[in-house]
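Let's take a walk through this protein chain and see which parts hold hands. Have a look at the sequence and the model before reading on.

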Amino acid sequence: MENSEIEKLRYPIGKFITPEFYSNNYLAEKIAEIESFPERLNKEVIYLTDEQLDTPYRQDGWTVRQVIHHCADSHMNCFIRIKWALTEDKPIIKFYHEDRWAEMHDNLAMPIQPTLSFLEGLHYRLAYLMKSLNEEDLEKTFIHPEHNSEFKIKEIIGTYAWHGNHHLTHIIELKKQKDW
């Protein structure tokens, strides 16, 4: 498989593009995407069989089950990072090895329903919190040790909206490819 084909499978909606300006409309749109993510995900995966859930979305990629559990792991970390940024002065967040988490027994074997329920509650809280942020809050930052860079909360809103859409599209494209 050519690099461009692999890249399209890895990033079916493209890589995240940082906007030049974080307008109120942009942020409201991204928060709405975050808020609706669990419902959109549930619609795509609720009727998949265990065999389908255990199918990788691409060669050497995670299974659908792992992708679902990964979204919960990642977005839980997002929520905590935002809380830290809102309550501490430029906290250094905890890096986690998402690849190692994805290979843990729960991510490989656990049913998806508890994670779908968790995502519903988590995304409700994320969206509720994000909608309450003022301009000053949106400018608050945390430091990510992997990149040794500061990230503003408003940047994280865009990034995590993209992240959910990115993984949802992995699942949608696999379903089209397999005619599920």
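Are E44 and K175 buried or exposed? Both E44 and K175 are buried, where buried means under 20% relative accessible area, exposed over 50%, and partly exposed in between (1.4 Å probe, protein chains only).

A quick word on what you're looking at: this is a predicted model, in which local features need pLDDT of at least 70 and side-chain atom pairs count only at pLDDT 80 or more, while totals for chains, interfaces and linings use all residues. Residues are numbered from 1 along each chain as its sequence is written, and side-chain values use heavy atoms, with hydrogens and water left out.

**Salt bridges**

The structure holds 12 salt bridges; a salt bridge is a side-chain nitrogen of Lys or Arg within 4 Å of a carboxyl oxygen of Asp or Glu. Here are some of them.

| Pair | Closest N to O |
|---|---|
| E35 and K131 | 3.1 Å |
| E44 and K175 | 2.8 Å |

Start with E35 and K131, which form a salt bridge. E35 lies in helix α2 (residues 24–45) and K131 in helix α7 (residues 113–131), so this pair ties together parts that are 96 residues apart in sequence. Helices here are DSSP runs (H or I, at least four residues), numbered from the N terminus. E35 counts as partly exposed at 34% relative accessibility, and K131 counts as exposed at 52%.

Now back to our opening pair, E44 and K175, which also form a salt bridge. D54 lies in the loop between α3 (50–53) and α4 (64–87) and R65 in helix α4, so the pair ties together parts that are 11 residues apart in sequence. D54 is partly exposed, with a relative accessible area of 37%, whereas R65 is buried at 2%.

**How α2 packs**

Helix α2 packs against α7 at an angle of about 165 degrees, with their axes 7 Å apart. Axes are lines fitted to C-alpha atoms, for helices over the stretch in contact, and angles run from 0 to 180 degrees between N-to-C directions. That makes α2 roughly antiparallel to α7, a label for angles over 145 degrees. The residues in this contact (heavy atoms within 4.5 Å) include I31, E35 and F37 of α2 and L116, H123 and K131 of α7.

Helix α2 also meets α4: their axes come within 12 Å and cross at roughly 170 degrees. That makes α2 roughly antiparallel to α4. Here the contact is made by F37, L41 and V45 of α2 and V64, I68, C71 and H75 of α4.

**A proline in a loop**

Finally, P12 lies in the loop between α1 (3–10) and α2. Which residues does P12 contact, leaving aside its neighbours within four places in sequence? They are H166, T169, H170 and E173. The C-alpha atoms of P12 and H170 are separated by 6.8 Å, although these residues are 158 residues apart along the chain. P12 is buried, with a relative accessible area of 13%.

Key. Helices (H or I, at least four residues) and strands (E, at least two) are DSSP runs, numbered from the N terminus. Angles under 35 degrees count as roughly parallel, over 145 as roughly antiparallel, 65 to 115 as roughly perpendicular and the rest as oblique.
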